[in-house]
Amino acid sequence: MKKIISKKLLADQDIEQFIGLQLRFGVLFSSLIVLAGGVVYLLQSGSLALPQYQLFIGERAGLTTSREIWHSAIAFKPRAIIELGVVVLIATPILRIFFSLIGFILEKDRLYIGITLIVLSVMMISIFGGLKV
Amino acid sequence: MTILTFSLLLLAGAYLAGLVGSLTGLGGGVVIIPLLTLVFHVDIRYAIGAALLASIANSSGAASAYVKEGITNIRLGMFLEIATTVGAVVGALIAVYTPTNTIAILFGSILLFSAAMTLRKKNEEALLVGSTFANRLKLNNSYPTKEGEVSYHLRNVGAGFSIMTIAGIFSGLLGIGSGALKVLAMDSTMHIPFKVSTTTSNFMIGVTAAASAVVYLQRGYMDAGIAFPVVLGVLGGALTGSKLLPKMDVRVLKYIFCSAIAFVAVEMIFNGYNHKF
């Protein structure tokens, strides 16, 4: 009995350590992309006048789908590189849910596999549901 | 103003927002929105997009440290994330139909509430007997303190879950972490020791913000020119804050900051009431 408990605790702590690392690297990675994009953006258009941020343009400004962001980013467009970093930043906590799911599967915790799947599906509806309205 | 001056000024402002946000526990998002709207006259929708990113960066950065220390209750976080993510998506959806002035007034009110919550007495006592529901959901846990592991139990899970849904809606609608509402649900309602509730709340903010962030990203709320100084500045500020926090007494700072926040909140409400957004 004692052995089972300590084994379970170990798995719990391992996955927690891993999630901690994953969050840290996600934030680090995204901020490096954002930094790179920001530097290029300032070099290219730093001396231009500021866009009219008091007016909301929204979707017409472009860069609102992952495909569009990706294609413009590999074409080295600075604003798209920044948005790519933004996507990585948003993806970081979502990826964390996936890793938690793996952790609960390893622990064979059925209740929490179910709960994590519910959270994941809410996320997926939000991402792919076309909730632009 | 050129793009370069705007970026540098915003970077400095976001750094301060991240620093004070992490020292007081309010998070960077609540400072970013008034900074962008009242100081830089940016449309509140861009400000909400930027604040969401600030919340994710702040939460993920800080959570990585807390999770390692084993204070965060991951099961509790995951269970309550059902409520906050559903709420966040609903909040992001109703945001389109909500006039910006109403959003500004709501934001001001939440800001006042958050300031008051920061100053209240904290729950440090661990509950010894929890409800059967909390038992069945395996929400009871223990956390490390100076005196060794302390185990705690939960009650009022249903009520806490409901408050979390409201916290999620506000988070999606206003682009903030609504940490104050989350702590109210966990601390005051479910009787969780505040160290566990604040770290677990912080852990959840990233996922909650991400749920509405994907909706806002697709709607063009996240402008690259605003996002990059905000993300980098808030992250830098939060990093400095986490280094300074163990070394300083933040009580005085909290009072100063909360009075400043209350002042800003009243200005947001006033401007919203006069249709200036």
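**From one residue to the interface**

Reply: B:A50 is placed in helix α3 of chain B. Please keep in mind that the model is predicted.

Me: Is B:A50 buried or exposed, and why?

Reply: B:A50 counts as buried because 31 C-beta neighbours lie inside 10 Å, and the threshold for that class is 20 or more.

Me: Which residues is B:A50 in contact with, leaving aside its neighbours within four places in sequence?

Reply: B:A50 is in contact with B:I32, B:L36, B:I226, B:A227 and B:V230, once neighbours within four places in sequence are left aside. As for separation along the chain, B:A213 is 163 residues from B:A50 in sequence, while their C-alpha atoms are 9.6 Å apart in space.

Me: Which residues touch the most other members of the largest nonpolar core?

Reply: They are B:I32, B:A50, B:L53, B:A227, B:V230 and B:V231, in a core of 126 residues. The largest share of this core comes from α3(B), with 15 residues.

Me: What does B:I32 touch, not counting residues up to four places away in sequence?

Reply: With those residues not counted, B:I32 touches B:A14, B:A17, B:A47, B:A50, B:A51, B:A54 and B:V230. B:I32 is also one of the buried residues of α2(B).

Me: How many residues of α2(B) are buried?

Reply: Helix α2 of chain B, residues 29-39, is mostly covered, with nine of its 11 residues buried. These are B:G29, B:V30, B:V31, B:I32, B:I33, B:P34, B:L35, B:L36 and B:T37.

Me: What covers the buried residues of α2(B)?

Reply: The cover includes α1, α3, α5 (100-119), α10 and α11 (251-273) of chain B. After α2(B) comes B:H41, which has a positive phi, near 55°.

Me: Changing topic: at what angle do α4 and α9 of chain B pack?

Reply: Helix α4 (residues 74-95) and helix α9 (residues 194-218) of chain B pack at an angle of about 30°, and their axes are 9 Å apart. The two helices are therefore roughly parallel to each other, since angles under 35 degrees fall in that class. The crossing in which α4(B) passes α9(B) is right-handed.

Me: Which residues meet there?

Reply: From α4(B) there are B:L76, B:G77, B:L80, B:E81, B:T84, B:T85, B:A88, B:V89, B:G91 and B:A92, and they meet B:T200, B:F203, B:M204, B:V207, B:T208, B:A211, B:S212, B:V215 and B:Y216 of α9(B). By class, this contact of α4(B) with α9(B) has 11 nonpolar residues, seven polar and one charged.

Me: Where is B:I192 placed?

Reply: B:I192 is in the loop between α8 (179-189) and α9 of chain B. B:I192 is buried, because 30 other C-beta atoms lie within 10 Å.

Me: And what does B:I192 touch, not counting residues up to four places away in sequence?

Reply: On that basis, B:I192 touches B:Y152, B:L154, B:M186, B:D187 and B:S197. The C-alpha atom of B:N140, 52 residues away along the chain, is separated from that of B:I192 by 9.4 Å.

Me: On to the other chain. How many helices and strands has chain A?

Reply: Chain A has four helices and zero strands. Of the 133 residues in chain A, 32% are buried. Where contacts in chain A link residues at least 6 apart in sequence, 61% join residues at least 24 apart.

Me: How do α3(A) and α3(B) cross, and what is the handedness?

Reply: The axes of helix α3 of chain A (residues 78-107) and α3(B) come within 10 Å and cross at roughly 50°. The two helices are therefore oblique to each other, and their crossing is left-handed.

Me: Which residues meet in that crossing?

Reply: A:V86, A:L89, A:I90, A:T92 and A:P93 in α3(A) meet B:L53, B:I56, B:A57 and B:S60 in α3(B). This contact of α3(A) with α3(B) divides into seven nonpolar, two polar and no charged residues.

Notes: Residues numbered from 1 in each chain as written. Chains lettered and ligands numbered in written order. Predicted model: local features only at pLDDT ≥ 70, side-chain atom pairs only at ≥ 80, totals over all residues. Axes fitted to C-alpha atoms, helices over the stretch in contact; angles between N-to-C directions. Parallel < 35°, antiparallel > 145°, perpendicular 65-115°, else oblique. Left-handed = near helix turned anticlockwise from the far one by under 90°. Contact = placed C-beta atoms within 7 Å. Nonpolar A, V, L, I, M, F, W, Y, C, P; charged D, E, K, R; others polar. Core = buried A, V, L, I, M, F, W, Y, C linked by C-beta atoms within 7 Å. Buried ≥ 20, exposed ≤ 12 C-beta atoms within 10 Å, placed from the backbone.
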